[in-house]
Amino acid sequence: MTTRRTRPAPRPPEGTPPRAELARQARHVLADAVRIARWAAVERGADLAPRTGPGAGPAQERAAAALDLTPGQIRAGWDRARLAGLVELHGDTARPGWRLHAWDRDDSAVLRGWVALFDAWSLVHPAPEGVAPSAVAEVVEAVPQVLSLLQLSQGPVLVPALLDLLGQRVEELREERCEVPATEQTPESADAPAGDGLPALLDWALEGLAAVGALTLDPGTDERQATLTPLGNWAVWVKLEQICVAAQSPAGNIEQSAEDMLRGCARLTPGPARDEYRAWLAARTLSSAVSELLAVARGEDALLRGLAFEALRVVGAPAEAEVRATVAEPSLRPYALLWIAEYEGADPDDAQEVLTREESTWLWVDTAAAVADHGESELLVRHLDSAVQGTVPALLDEVRAVGHPRTVQVLVALAAAHPDPALAKAVRRAAFQVHTGGA
């Protein structure tokens with residue numbers, strides 16, 4: 001039996017609206033982006049990307065007329081739609097994203113889309129002109145500290161107080177990088193403001209966060225003040241929880257590569273393994289984590305291939321597009337089809353029905369290869385019972401035909417492990433035939 005972890009599921013801060021209400025607010029923030037994305041889905045091939053130079057492109061003008069928006073609003077909404085995953089670019093072609101299809105019925109998809117926009121706040125508004133890119137990057141890196149203060153304050157915070165905190169955090173970042181003191185800066189580095197340029201950059205950051213619905217800016221009576229919206233408060237809490245989960249990695253694999261992390265999870269039971277996957281994922285951007293897991297799945301180790309898709313089950317919806325793309329790869333197709341079936345609601349015990357007989361046989365050989373490489377002989381013998389074929393001769397016929405690259409090794413290992421001499425002889429004969437290219 002798996003020892004279950006006793007840490008209760010974290011609860012949002014008191015006063016946080018229910019997820020349905022948060023999703024309603026996120027839908028409101030992205031209403032124009034959704035309208036534009038749906039118009040583009042109907043007008044296949046419409047290119048709404050911003051043009052260089054003044055004026056709007058023909059597609060932007062058509063969209064503006066159809067949706068009663070200005071060309072500027074069309075450009076801004078299109079940008080938001082891309083950042084929120086409502087549209088996906090495939091070369092020069094824009095297609096509806098999976099979140100757009102699920103927008104009206106799936107609150108989780110809506111909130112994930114809004115969080116993706118929240119994470120990309122620095123792309124919503126262009127940074128102030130005349131400011132060094134290094135200074136902009138420092139402020140982007142320091143903003144989470146500002147958001148944490150707003151979240152802890154549970155109310156309005158004066159902008160000067162945020163400016164003080166931002167300045168302190170920027171100085172800490174520079175000290176961590178062992179940069180030269182400001183008095184020793186060269187003329188080229190002097191344009192990265194230690195103090196004079198920070199007010200403008202803070203204004204830019206607050207306006208960018210306000211534009212995505214994470215906070216509100218109030219002129220106030222004496223000084224401007226910023227307040228997190230319920231959406232912004234919830235998002236900052238989610239980010240802090242992810243950091244806490246990452247810090248509680250049960251097996252200490254957070255800093256490892258995907259391959260080493262999966263090897264470390266190979267001997268864990270499913271519950272602790274999922275905890276480890278969550279901790280590893282929380283310490284990375286999901287896009288890079290998904291790519292790394294799929295790279296491991298394409299390798300030669302069948303055990304790691306299966307574990308990679310178990311980790312992708314923990315990722316869930318953000319991995320859908322990349323998993324669907326692997327259906328065209330023979331070595332990943334059975335795993336991808338099972339992942340998609342379970343993602344779409346199929347019971348794991350019934351998901352095998354989506355596989356053809358050939359795909360099931362290929363998966364049986366791949367799983368047998370994992371057992372042969374990493375398991376006990378008895379497990380390999382018991383693995384015979386999981387084959388879809390009713391008899392061993394039928395299994396051997398179809399295994400020979402399926403063309404798995406590990407077929408010979410699997411059959412040799414099975415023949416060596418099986419206690420029935422007659423069956424072992426038949427399996428060895430099949431292995432020989434595959435090895436020599438016989439029928």
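Predicted model: local features only at pLDDT ≥ 70, side-chain atom pairs only at ≥ 80, totals over all residues.
**Questions on exposure, contacts and pockets**

Student: What makes a stretch of chain a helix or a strand?

Tutor: A helix is a DSSP run of H or I with at least four residues, and a strand is a run of E with at least two, both numbered from the N terminus. Helix 19 covers residues 392–402.

Student: Why is Arg-400 placed in its accessibility class?

Tutor: Buried means under 20% relative accessible area, exposed over 50%, and partly exposed in between, with a 1.4 Å probe and protein chains only. Arg-400 has 24% relative accessibility, so this residue is partly exposed. Arg-400 lies in helix 19.

Student: How do you know which class Asp-68 and Gln-154 belong to?

Tutor: Asp-68 has 68% relative accessibility and therefore counts as exposed. Gln-154 has 71% and is likewise exposed. Asp-68 sits in the loop between helix 3 and helix 4, and its phi is near 60°, a positive value in a residue other than glycine. Gln-154 sits in the loop between helix 7 and strand 3; although not a glycine, Gln-154 has a positive phi of about 55°.

Student: What makes the pair Arg-400 and Asp-397 a polar contact?

Tutor: A polar contact is a pair of N or O atoms within 3.5 Å; within protein, one must be able to donate a hydrogen and the other to accept it, and residues adjacent in sequence count only if both atoms are side-chain atoms. The side chains of Arg-400 and Asp-397 make such a contact at 2.5 Å. At the start of helix 19, a side-chain oxygen of Thr-391 comes within 3.2 Å of the backbone nitrogen of Ala-394.

Student: What makes a space a cavity and not a pocket?

Tutor: On a 1 Å grid over the protein atoms alone, a cavity is a set of points where a 1.4 Å probe fits but cannot get out; a pocket is an open set with protein on both sides within 12 Å along at least five of seven lines, and lining residues have an atom within 4 Å of a point. There is one cavity of 30 Å³ or more, and the largest cavity has a volume of about 30 Å³. Its lining includes Ala-37, Val-87 and Arg-95.

Student: Which residues lie nearest the centre of the second largest pocket?

Tutor: This pocket is lined by 30 residues, of which Leu-303, Gly-306, Tyr-335, Thr-367 and Ala-370 lie nearest its centre. The space in the pocket is about 970 Å³, a volume being the space filled by probe spheres set on the grid points, which are joined across faces, edges and corners. Helix 17 gives the largest share of the lining, eight residues.

Note on methods: Residues numbered from 1 in each chain as written. Heavy atoms only, no water.
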